[in-house]
Amino acid sequence: MAYDDEDSTAAPPAAIARDDPSKVENEDVEDAEADEAISDFRKFASSLPGGGSGGGGAALNKKAAPHVSGKTVRRGEKDFESHGTRLQENTLEVSRTAMHDVLSYTRMRTPDNYMTGWYFPGHWAQEPREDEKPEELWRRDRVVALEAEKGQMTKSMGRVLRGAPKNVPGWDKAWLLPEEALYLVERGDLLLRWPRGSIEGIFPPPVEVDGLKREVARGEDGDYELGLPLSLQAAYSLFIGNEGDRGKITLEKFQVYSQLRRAGYLVSRASPLLDPPPPSDTQTLWQRLFSLISSPKSDTPKFHPAMGPLVRPGLYRSYESVYHQLSLIPRHKPTPRPNTPAPEGPFTVAYHVFKSRPGFTKTNLPLPDFRIAVVNARTTDVPDLAEMEALLGSTPWDPPNARSGAGGPGIGHMYQRLKHGWRNVIVAVNDNGMVSYLEFMESAFGEERLFERFDAKPKPGGKKFSGRNQKGGRGGGRGGRGGRR
Amino acid sequence: MTSSSPRPHVRISKAANRYLVFDIDDVMYLRRNHNICSVFVGTMPQAPQQSAFMGLPIELMAEEAQVLVEKNVAFVVDDSNYHPARIAAAGPQDKQYIDAIKTVTGDAQRSMRESTEARKAMFAYKGASKKKEKKNKKAPDTQSSEDVTVASSADAEAAATSLFDTTPEPAAATTKNSPVTREAPEAWLATLTTSGALLTPSPGQEEPIASVDVPASYPLYAHLQDKGYFMMPGLRFGCDYNVYPGDPLRFHSHFQATGFEWNEDINLLDLVTGGRLGTNVKKSFLIGGRVESEERQKDEAETALDVRAFSIEWAAM
């Protein structure tokens with residue numbers, strides 16, 4: 001029986017998927033996979049080099065691994081329930097064995113293409129947080145020093161702390177944040193080591209003859225005496241912590257981080273220092289004074305009689321003046337400099353997410369494409385208005401216009417503008433390793449003045465009709481009809 | 001089921017209130033014998049740019065950890081504290097651990113070398129036969145066009161294999177050396193999945209057992225678990241648990257379950273929402289909770305799992 005459509009409700013993260021061609025290409029597959037997190041490992045195993053079995057020679061060479069696309073690993077057919085046949089049992093057993101084989105893999109490389117990182121959790125702990133510069137963000141949390149940067153991954157990870165004095169050991173090394181280190185360990189790109197000696201032993205300061213100390217430290221067991229290579233389990237125990245622990249990351253944040261990285265996005269920890277300053281106030285004093293005087297007129301009328309009609313009797317030549325009198329309830333007006341408190345707790349932007357692009361440099365980050373807050377589904381309630389306002393207030397001013405991709409002015413782009421909002425943020429909800437993404441934006445319906453259109457003079461030549469046709473042509477969009485499902 | 005077998009207990013490592021299992025044998029054991037599959041949350045090193053297939057560790061729900069502890073098949077260790085302390089304290093376990101790494105890398109290197117040698121031998125054989133072929137073909141002046149294409153395609157094949165054959169470089173370098181120095185310069189490095197021997201407590205010490213905080217829906221979970229159902233987190237269907245009649249590798253889920261207190265008022269709209277969503281995705285909406293009654297208070301032990309569950313079907317509007 002085709003029970004495949006049962007997962008039709010599990011939409012892919014729309015906001016994430018919308019501009020990414022690779023994501024769109026695999027969308028149907030992901031839909032199919034969405035419900036059943038455990039998929040057909042038999043096909044996956046056969047798509048891996050060397051049959052996917054761990055420890056085997058051929059499987060170890062990463063270069064030989066072909067790109068495993070979503071199509072090749074499409075899941076097999078499933079059954080509704082157990083019918084006690086041996087066929088069913090056998091199929092399940094084959095799947096389980098394949099899963100066992102695939103997951104028994106041990107991360108292994110030759111030293112040439114295996115990065116080595118040393119765990120020094122306390123090295124930058126004493127650095128003051130206040131005088132951080134955008135180039136060396138989060139240095140107190142950087143706990144792993146890379147011996148040498150190798151491969152593509154380091155183009156977006158790790159930082160050399162240029163501000164550090166040159167007599168500090170490890171000053172010229174790239175330092176990783178806990179999530180970066182853990183992700184690299186998981187990928188099999190990083191060998192994490194626990195130093196048995198001090199940092200001077202690992203990275204001798206430049207005054208000493210380089211290499212001398214290292215030679216001394218190496219005994220019969222060679223490198224192993226300098227420091228212990230750590231396991232994946234050890235890496236998790238070192239890097240996973242509670243919110244606010246220095247040099248650690250919460251598991252829900254790490255899972256979101258690694259999921260985004262796997263999907264091809266570039267991710268950096270958020271910091272207010274990376275946000276652009278709010279647009280400067282370009283109004284002159286006179287303009288502002290003038291706006292103070294004139295604004296009540298254009299907004300709600302000052303005076304409404306306690307009794308009597310809302311619209312004063314009289315002769316009206318335009319709808320606009322009527323609608324002005326009708327507007328009683330003050331509406332939300334987005335402002336570039338909101339008076340919201342700094343966000344607290346889980347509803348805080350945790351990561352800046354960038355689409356993969358050529359010329360991306362980690363030292364000079366462009367403006368992020370998305371901002372993501374991460375919450376735990378089990379411990380977090382729906383945000384209240386104050387939390388949401390604070391969260392949105394912490395994101396930069398992003399009014400809907402042609403530049404921000406929300407179309408131009410005019411009624412034709414109204415829904416695009418409403419959907420884009422004036423600020424936006426994505427909330428990733430993590431329930432024990434499963435993540436859903438929700439996009440929140442600050443919308444302002446009061447900014448869309450429909451009545452202004454009523455006063456426009458009907459132009460000759462059926463212009464009005466073409467306007468209607470335009471509306472009808474957009475029928476597939478998310479217009480007002482969306483509510484009737 | 002097999003809880004009386006001599007199998008060592010499953011070690012659940014607790015890091016910041018999350019419960020992880022790293023050992024693949026433990027994972028498969030839980031799957032086969034205790035109908036617990038859980039979510040794989042790790043990146044797969046063999047295919048690190050996709051999220052459809054995930055690798056170790058698995059993240060247990062708190063309920064799963066608690067059920068396993070109650071069944072006496074697992075124990076929970078506070079790894080955020082114990083594990084770093086264990087690494088920092090150098091001891092005889094270090095040697096065991098390093099030996100384990102060396103065994104793994106040694107084995108891999110050996111098998112790699114063998115496969116490289118086998119391939120080399122094959123190439124040598126192929127090359128020789130190809131040369132022969134060419135010579136044979138050069139001799140007669142009159143070549144049929146068919147023969148030319150065969151030879152050129154064989155050439156192309158050989159070129160292609162050598163082009164993509166990046167494997168033997170490190171191993172090939174070592175094979176040229178004498179057997180004594182063969183392994184020393186190119187010792188492979190490995191990141192094991194579990195810390196294994198390193199975690200063996202020193203004599204007189206024990207691994208600190210951590211507690212498990214379970215949510216209010218735990219009785220329902222334990223009840224369904226006891227009945228042999230597999231359960232996954234319910235995020236995708238807006239419920240507490242997604243309930244499968246068997247291993248999710250093979251079966252679709254039947255229920256979306258949400259736990260309630262026995263005397264808790266349930267918003268009727270929640271029932272409609274759950275029921276309607278469930279019907280749409282061909283599942284039943286299931287609610288349940290522990291029976292609160294005076295009898296249960298009296299005889300706690302016997303009716304500890306006195307849970308009742310109801311499934312709701314959305315009929316029509």
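The dialogue below takes some features of this predicted model in turn.

Reader: What should I know about the model and its numbering before I start?

Author: The model is predicted: local features need pLDDT of at least 70, side-chain atom pairs count only at pLDDT 80 or more, and totals for chains, interfaces and linings use all residues. Residues are numbered from 1 along each chain as its sequence is written, and chains are lettered from A and ligands numbered from 1 in the order in which they are written.

Reader: How many helices and strands does chain B have?

Author: Helices (H or I, at least four residues) and strands (E, at least two) are DSSP runs, numbered from the N terminus. On that count chain B has nine helices and 11 strands.

Reader: What share of chain B is buried?

Author: A residue is buried if 20 or more other C-beta atoms lie within 10 Å of its own, exposed if 12 or fewer, and partly exposed in between, with C-beta atoms placed from the backbone. Of the 317 residues in chain B, 39% are buried. A second figure uses contacts, where two residues are in contact if their C-beta atoms, placed from the backbone, lie within 7 Å. Among contacts in chain B with a separation of 6 or more, 63% are between residues 24 or more positions apart.

Reader: Which residues of chain B does UniProt place in a domain?

Author: An unreviewed UniProt entry gives "domain: TSEN34 N-terminal" at residues 10-79 of chain B. UniProt positions are given in the numbering used here, feature names are shortened, and annotations may be inferred rather than shown by experiment. This span is 29% helix and 36% strand, and its end C-alpha atoms lie 14 Å apart.

Reader: In what order do the strands S3, S4, S2, S1 and S5 of chain B lie, and what is the pairing?

Author: Strands of a sheet pair through backbone hydrogen bonds, either parallel or antiparallel. Here two strands pair if DSSP finds at least two bridges between them. The five strands form an open sheet of chain B in the order S3-S4-S2-S1-S5, with mixed pairing. S3 and strand S5 (74-78) of chain B are the edge strands, each pairing on one side only. From one strand to the next the twist averages 40°.

Reader: Which way do the residues of S3(B) point?

Author: In strand S3 (residues 39-42) of chain B, Val39(B) and Val41(B) point one way, Phe40(B) and Gly42(B) point the other way, and all are buried. S3(B) runs antiparallel to strand S4 (residues 55-60) of chain B, and three bridges join them. Gly42(B) has Gly55(B) as its bridge partner in S4(B). Strand S4 of chain B also holds Pro57(B), which is joined to Leu56(B) by a cis peptide bond with omega of about 0°.

Reader: Where is Ser38(B), and is it buried or exposed?

Author: Ser38(B) sits in the loop between helix H1 (24-33) and S3 of chain B. Ser38(B) counts as buried, with 26 C-beta neighbours inside 10 Å. Its phi is near 60°, a positive value in a residue other than glycine. Ala16(B) likewise has a positive phi, near 50°, and lies in the loop between strand S1 (10-15) and strand S2 (18-21) of chain B. Ala16(B) has 19 C-beta neighbours inside 10 Å and so counts as partly exposed.

Reader: Why is H7 of chain B described as largely enclosed?

Author: Eight of the nine residues of helix H7 (residues 218-226) of chain B are buried, so the rest of the structure largely encloses it. Among the buried residues are Tyr218(B), Leu220(B), His223(B) and Leu224(B). The buried residues of H7(B) pack against elements including helix H2 (62-70), strand S7 (230-233) and strand S11 (307-312) of chain B. Just after H7(B) comes Gly228(B), with a positive phi of about 95°.

Reader: At what angle do H2(B) and H7(B) pack?

Author: Two packed helices are described by the angle between their axes and the distance between the axes. Axes are lines fitted to C-alpha atoms, for helices over the stretch in contact, and angles run from 0 to 180 degrees between N-to-C directions. For H2(B) and H7(B) the angle is about 60° and the axes are 10 Å apart. The two helices H2(B) and H7(B) are therefore oblique to each other; angles under 35 degrees count as roughly parallel, over 145 as roughly antiparallel, 65 to 115 as roughly perpendicular and the rest as oblique. Glu63(B), Gln66(B) and Val67(B) of H2(B) make the contact with Tyr218(B), Tyr221(B), Ala222(B) and Gln225(B) of H7(B).
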